[in-house]
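Take a moment with the chain before reading on.

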Amino acid sequence: MNIDLIFKIAGTGIIVAVLNLVLKRAEREEQAMMTTLAGLIVVLIIIVDEIGDLFDRVKTVFGLW
């Protein structure tokens with residue numbers, strides 16, 4: 001596992017948390033919720049891509065590919 005992946009996820013989380021806080025203080029609850037959902041979707045896409053790579057490596061190791 002690459003350390004860059006952890007930094008990408010942590011960075012996305014920090015940015016989303018700050019945006020969520022700013023939008024809630026500005027009484028923009030709907031935009032804050034959409035920002036949180038967008039951040040979650042971005043992180044899930046990153047994780048799904050990494051899981052796909054993991055399955056490809058497992059197939060290669062066991063000769064299933």
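Start at threonine 12. Leaving aside neighbours within four places in sequence, threonine 12 is in contact with Gly39, Val42 and Val43. Contact here means heavy atoms within 4.5 Å. This is a predicted model, in which local features need pLDDT of at least 70 and side-chain atom pairs count only at pLDDT 80 or more, while totals for chains, interfaces and linings use all residues. Residues are numbered from 1 along each chain as its sequence is written, and side-chain values use heavy atoms, with hydrogens and water left out.

Where does threonine 12 sit? Threonine 12 is found in helix H1, which covers residues 3-25. Helices (H or I, at least four residues) and strands (E, at least two) are DSSP runs, numbered from the N terminus. Is threonine 12 buried or exposed? Threonine 12 is buried, because its relative accessible area is 19% and buried means under 20% (exposed is over 50%, partly exposed is in between; 1.4 Å probe, protein chains only).

Now step back to the whole chain. The protein chain has two helices and zero strands. Its radius of gyration is 17 Å, well over the 11 Å that the globule rule gives for 65 residues, so the chain is more spread out than a compact globule. The radius is taken over C-alpha atoms, and the rule is 2.2 Å times the number of residues to the power 0.38. Along the principal axes, the C-alpha atoms fill a box of roughly 55 × 20 × 5 Å. Buried residues make up 14% of the 65 residues. The accessible surface of the protein chain comes to about 5600 Å², and 70% of it belongs to carbon and sulfur atoms. Such areas come from the Shrake-Rupley method with a 1.4 Å probe; for residues, only the protein chains shown count as cover.

Look along H1. This helix has 23 residues and reaches 33 Å from its first C-alpha to its last, close to the 33 Å expected at 1.5 Å a residue. The expected span is 1.5 Å times one less than the number of residues. Which residues of H1 are buried? They are Leu5, Thr12, Val16, Asn20 and Leu23. What covers them includes H2.

Asparagine 20 is one of these buried residues. Asparagine 20 counts as buried because its relative accessibility is 18%. Not counting residues up to four places away in sequence, asparagine 20 touches Ala32 and Thr36.

Glutamate 27 lies in the loop between H1 and H2. Just after H1, glutamate 27 takes a positive phi of about 60 degrees. Most residues other than glycine have a negative phi. Glutamate 27 has a positive value in a residue other than glycine. At 69% relative accessibility, glutamate 27 counts as exposed.

Now follow H2, residues 29-61. H2 has 33 residues and reaches 48 Å from its first C-alpha to its last, close to the 48 Å expected at 1.5 Å a residue. In this helix, Ala32, Thr35, Gly39 and Val43 are buried. What covers the buried residues of H2 includes H1.

Threonine 36 also lies in H2. Threonine 36 is partly exposed, with a relative accessible area of 31%. Its contacts, not counting residues up to four places away in sequence, include Val16 and Asn20. Threonine 36 and threonine 12 are 24 residues apart along the chain, and their C-alpha atoms are separated by 10 Å.

What lies on the surface? Met33, Met34, Leu37, Leu40 and Leu44 form a nonpolar patch there, with about 500 Å² of accessible area together. Patches are made of residues with over 30% relative accessible area and no salt bridge; like charges are joined within 9 Å, nonpolar side chains (Val, Leu, Ile, Met, Phe, Trp, Tyr) within 5 Å. A salt bridge is a side-chain nitrogen of Lys or Arg within 4 Å of a carboxyl oxygen of Asp or Glu. Leucine 37 counts as partly exposed, at 39% relative accessibility.

Finish with two distances. Aspartate 53, in H2, is 45 residues from lysine 8 along the chain, and their C-alpha atoms are separated by 17 Å. Glutamate 30 and glycine 63 are 33 residues apart in sequence and 49 Å apart in space, C-alpha to C-alpha. Glycine 63 follows H2, and its phi is positive, near 70 degrees.
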